[in-house]
Amino acid sequence: MERTLILFKPDAIHRHLVGRILTRFEEKGLRFAGLKLFQPTRALIERHYEVHRGRPFFASLVAFMSSGPLIAAVLEGPGAIAVVRKLVGVTHGQQAEAGTIRGDFGLDQQYNLVHASDGPETAAAEIALFFTPEELASYERVTERWITRRQ
Ligand code: CMP
């Protein structure tokens with residue numbers, strides 16, 4: 001079972017889109033292993049986006065992401081990392097396919113509603129950056145066997 005990290009960005013929260021976006025992940029069959037709202041420090045955001053340091057949009061991205069509350073979630077399921085990236089769509093809302101979260105709800109490159117881990121190593125590092133092991137739950141839903149035959 002694979003785990004991935006999602007961040008609901010401040011635009012998703014201010015635009016009242018969190019519930020609708022969460023529903024898409026739930027409806028797909030993914031299971032929440034962690035979920036919390038918090039006010040991030042600048043240092044945490046800079047660490048999370050360290051790979052983008054030096055890019056022209058870095059300062060603006062850090063200011064945006066540390067401006068408001070964030071909601072972090074850990075989602076799990078078979079192939080969760082790729083499945084979530086597909087549901088989210090490409091970075092720029094104008095290029096994202098209709099039917100994806102960014103394609104349906106966004107028009108911008110920075111205000112693109114959610115962040116999703118892009119591979120197994122980043123997922124593990126990002127989950128560890130935003131959650132302690134005690135904040136994550138392992139459990140089975142009664143519907144599990146109707147969602148996947150592999151458990
Ligand atoms: P995310 O998937 O969280 O990964 C890095 C983020 O940087 C990205 O979503 C956007 O919010 C932001 N970003 C990427 N490219 C640009 C850009 N050209 N201009 C502004 N923001 C960007």
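Ala12 sits in helix H1, which spans residues 10-14; helices here are DSSP runs of H or I with at least four residues, numbered from the N terminus. Ala12 is buried, with a relative accessible area of 0%. Buried means under 20% relative accessible area, with a 1.4 Å probe and protein chains only. Across the fold, Ala12 and Gly106 are 94 residues apart in sequence, yet their C-alpha atoms are 9.5 Å apart in space.

This is a predicted model: local features need pLDDT of at least 70, side-chain atom pairs count only at pLDDT 80 or more, and totals for chains, interfaces and linings use all residues. Residues are numbered from 1 along each chain as its sequence is written, and side-chain values use heavy atoms, without hydrogens or water.

Now turn to the ligand. The residues around the ligand include Tyr49, His52, Phe57, Leu61 and Thr91; a residue counts if one of its heavy atoms lies within 4 Å. By class, this shell has three nonpolar, six polar and two charged residues.

For Asn112, the distance from a side-chain N or O atom is 3.1 Å. A polar contact is a pair of N or O atoms within 3.5 Å. Taken alone, the ligand exposes 460 Å², and the protein buries 82% of that; these areas come from the Shrake-Rupley method with a 1.4 Å probe.

Key
Polar contact = N/O pair within 3.5 Å; in protein donor to acceptor, adjacent residues only side chain to side chain. Nonpolar A, V, L, I, M, F, W, Y, C, P; charged D, E, K, R; others polar. Helix = DSSP H or I, 4+ residues; strand = E, 2+ residues; numbered from the N terminus. Buried < 20%, exposed > 50% of the residue type's maximum accessible area, 1.4 Å probe, protein only.
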